[in-house]
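I opened this notebook page to record what I looked up on covalent and charged side-chain links. The sequence and the structure come first.

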Amino acid sequence: QVQLEESGGGLVQAGGSLRLSCVVSGRIFSSYHMAWFRQAPGKEREFVAAIAWIDEMTYYADSVKGRFTISRDTDKNTLYLQMNSLKPEDTAVYYCAVRMTGIGTMTTWTYYSMDYWGKGTLVTVSS
């Protein structure tokens, strides 16, 4: 079983930066894909970014391309999300998640794409 624990959230002004971390407990297999999702108040959980653990292939939502960077450290079993040029609309609870199998021809990342979730960390961007 995999356990995920996020950290790094907080309050930041628009234009600022934050780096989120997600420590992964349990064995990580080469087929795993790790992802960040977010959920703003009153909205559905949405995909932010994903990375293939084995070869670091990355995927981003259009809304964060060029501003956010997903990465992972295999020695530390940790997933990161570097968020730059933050906007008030980035305010949300950010969740780390893992998909244990390959993605095949999957083109859309959804809640149901993932197998395990962390509890989330709150990011608030003030205007």
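The entries below cover the disulfide and then the salt bridges.

Entry 1, the model. I note at the outset that this is a predicted model.

Cys22 belongs to strand S3 (residues 18–25) and Cys96 to strand S9 (residues 92–99), so the bond ties together parts that are 74 residues apart in sequence. I recorded -75° about the S-S bond, which makes the link of Cys22 and Cys96 left-handed. Cys22 counts as buried at 0% relative accessibility, and Cys96 is buried with a relative accessible area of 0%.

I found five salt bridges in the structure. I then asked which residues are linked in a network of salt bridges. They are Arg38, Glu46, Arg67 and Asp90.

Arg38 pairs with Glu46, the closest N and O atoms being 2.6 Å apart. Arg38 is buried, at 5% relative accessible area, whereas Glu46 is partly exposed, at 37%. Arg38 also meets Asp90 in a salt bridge at 2.9 Å, N to O. Asp90 sits in the loop between strand S8 (78–83) and S9, and Arg38 in strand S4 (residues 33–39), so this pair joins parts 52 residues apart in sequence.

Arg67 forms a salt bridge with Asp90, with the closest N and O atoms 2.7 Å apart. I recorded both Arg67 and Asp90 as buried.

Terms used
Residues are numbered from 1 along each chain as its sequence is written. This is a predicted model: local features need pLDDT of at least 70, side-chain atom pairs count only at pLDDT 80 or more; totals for chains, interfaces and linings use all residues. Side-chain values use heavy atoms; hydrogens and water are left out. A disulfide is a pair of cysteine sulfur atoms within 2.5 Å. Helices (H or I, at least four residues) and strands (E, at least two) are DSSP runs, numbered from the N terminus. Buried means under 20% relative accessible area, exposed over 50%, partly exposed in between (1.4 Å probe, protein chains only). A salt bridge is a side-chain nitrogen of Lys or Arg within 4 Å of a carboxyl oxygen of Asp or Glu.
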